[in-house]
Amino acid sequence: MNNLSIFCEGVTDQLFLADCLEFFYGFKFERNFDPKKIKIFNKSRKIEIIDVGGCTKLSNDLYLNQLKDNIEYGIRNVVIFDADTTGKTNGNKGFKACTQKLNNIKKN
């Protein structure tokens with residue numbers, strides 16, 4: 001069972017976070033490449049980095065249930081989404097909008 005689940009927007013974020021944790025903290029992550037998903041985890045520290053497939057997908061029942069189940073089992077959830085910029089037509093449209101989106105998910 002995991003101690004920590006890190007949810008991020010996409011595969012590149014998932015790989016970047018694993019690389020950063022390896023470089024800065026010496027954690028070693030295993031990367032299992034599947035045609036549909038990449039599974040990245042650290043067995044000794046029980047950390048999993050999960051790609052949710054975009055900022056709007058975290059509110060999908062699959063991920064909401066996983067977040068709730070993690071809480072029940074004492075697993076910490078961390079959500080790392082980039083805020084993008086307010087001028088973009090996609091993404092989270094800035095820090096304030098991203099924070100509001102995550103707070104709405106948290107309330108529900």
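A residue is called buried when its relative accessible area is under 20%, exposed when that area is over 50%, and partly exposed in between, with a 1.4 Å probe and protein chains only. The model is predicted, so local features need pLDDT of at least 70 and side-chain atom pairs count only at pLDDT 80 or more, while totals for chains, interfaces and linings use all residues. Residues are numbered from 1 along each chain as its sequence is written, and side-chain values use heavy atoms, with hydrogens and water left out.

Begin by selecting Phe23, which lies in helix α1, residues 11-25 (helices are DSSP runs of H or I with at least four residues, numbered from the N terminus). Phe23 is exposed, at 68% relative accessible area.

The structure holds two aromatic pairs, a pair being rings of Phe, Tyr or Trp (its six-membered ring) with centres within 6.5 Å, stacked if the planes are under 30 degrees apart, edge-to-face if over 60 and tilted otherwise. Phe23 and Phe24 form an edge-to-face pair, because their ring centres are 5.0 Å apart and their planes stand at 90 degrees.

Next, select Tyr25 and Phe27, whose rings make a tilted pair with 6.0 Å between centres and 35 degrees between planes.

Key:
Helix = DSSP H or I, 4+ residues; strand = E, 2+ residues; numbered from the N terminus.
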